[in-house]
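User: I've got a chain on my screen and would like to talk it through. Can you take my questions one at a time?

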Amino acid sequence: MTPDILAEIYRAAFPSSRPWSADEIVSLIQPPGFVVTAPGGFAIGRSAQGEAELITMAVEPASQGQGVGRSLLSEFERAVGVEKLFLEVAADNIPALALYRGSGWFETGRRKDYYTRLDGQPCDAVTMSKTLHPHSV
């Protein structure tokens with residue numbers, strides 16, 4: 001997938017958030033960043049010092065609820081090659097929270113008013129982590 005297509009998917013997946021440009025996506029996937037793709041979605045992460053962060057995961061609306069997010073998350077976890085994983089997710093993103101919790105991620109904290117929606121409303125970020133077993137990395 002090209003950065004332009006990734007930017008389009010991101011824009012469609014998060015209509016209440018500021019869209020990311022193709023240039024921003026290119027900068028995020030430069031090493032130590034990387035991207036995992038599937039039809040209808042992608043995940044961007046970065047890995048350093050034995051840890052990895054899931055920066056974002058986006059699934060276009062037409063593909064949501066069809067297992068694309070779960071597939072991307074599994075592929076991200078396999079691709080990183082580390083044991084300790086982190087992410088931040090908007091507190092109002094109920095489907096993503098359910099996906100992460102159902103995949104063994106645990107809430108580790110909150111960042112109050114971390115995100116600002118396009119309408120100016122703040123939204124907390126939920127911080128989460130997961131430890132992979134050595135045989136799964």
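What follows is a set of questions and answers about this chain.

Analyst: Quick note before we start: this is a predicted model, so local features need pLDDT of at least 70 and side-chain atom pairs count only at pLDDT 80 or more, while totals for chains, interfaces and linings use all residues. Residues are numbered from 1 along each chain as its sequence is written, and side-chain values use heavy atoms, with hydrogens and water left out.

User: What share of the 137 residues is buried?

Analyst: Buried means under 20% relative accessible area, exposed over 50%, and partly exposed in between (1.4 Å probe, protein chains only). By that cut-off, the buried share of the 137 residues is 42%.

User: Among contacts with a separation of 6 or more, how many, in percent, join residues 24 or more positions apart?

Analyst: Contact here means heavy atoms within 4.5 Å. Taking the contacts with a separation of 6 or more, the share from residues 24 or more positions apart is 53%.

User: How far apart are the mean positions of the positive and negative charges?

Analyst: Lys and Arg count as positive and Asp and Glu as negative, with His and the chain ends not counted. Each charge is placed at NZ of Lys, CZ of Arg, CG of Asp or CD of Glu. That gives 12 positive and 16 negative charges, and their mean positions are apart by 5 Å.

User: How many salt bridges does the chain have?

Analyst: Side chains of opposite charge can pair when their charged atoms come close. The rule asks for a side-chain nitrogen of Lys or Arg within 4 Å of a carboxyl oxygen of Asp or Glu. By this rule the count is ten.

User: Which residue does Arg 46 pair with in a salt bridge?

Analyst: Arg 46 is partly exposed, at 40% relative accessibility. The closest N and O atoms of the pair are 2.7 Å apart, and the partner is Glu 53.

User: Which helix holds both Glu 75 and Arg 78?

Analyst: Their side chains meet in a salt bridge at 2.9 Å, N to O. Glu 75 is partly exposed at 33%, whereas Arg 78 is exposed at 52%. They sit three residues apart, about one turn of the helix, and that helix (residues 68–80) is α3.

User: What is the N to O distance between Lys 112 and Asp 113?

Analyst: Lys 112 is exposed, at 65% relative accessibility. Asp 113 is partly exposed, at 39%. Their side chains meet in a salt bridge with an N to O distance of 3.8 Å.

User: Is Met 128 buried or exposed?

Analyst: Met 128 lies in strand β6 (residues 122–131). Beyond four places in sequence, Met 128 touches residues including Leu 85, Leu 97, Tyr 100 and Trp 105. The C-alpha atoms of Met 128 and Phe 106, 22 residues apart along the chain, are separated by 5.2 Å. With a relative accessible area of 1%, Met 128 is buried.

User: What is the relative accessibility of Thr 127?

Analyst: Thr 127 lies in strand β6. Among the residues Thr 127 touches, beyond four places in sequence, are Leu 87, Phe 106, Gly 109 and Arg 111. Thr 127 counts as buried because its relative accessibility is 13%.

User: Which residues does Ser 103 touch, leaving out those up to four places away?

Analyst: Ser 103 is found in the loop between α4 (94–102) and β5 (106–116). Ser 103 is buried, with a relative accessible area of 17%. Its contacts beyond four places are Arg 70, Leu 73, Glu 77 and Lys 130.

Notes:
Helix = DSSP H or I, 4+ residues; strand = E, 2+ residues; numbered from the N terminus.
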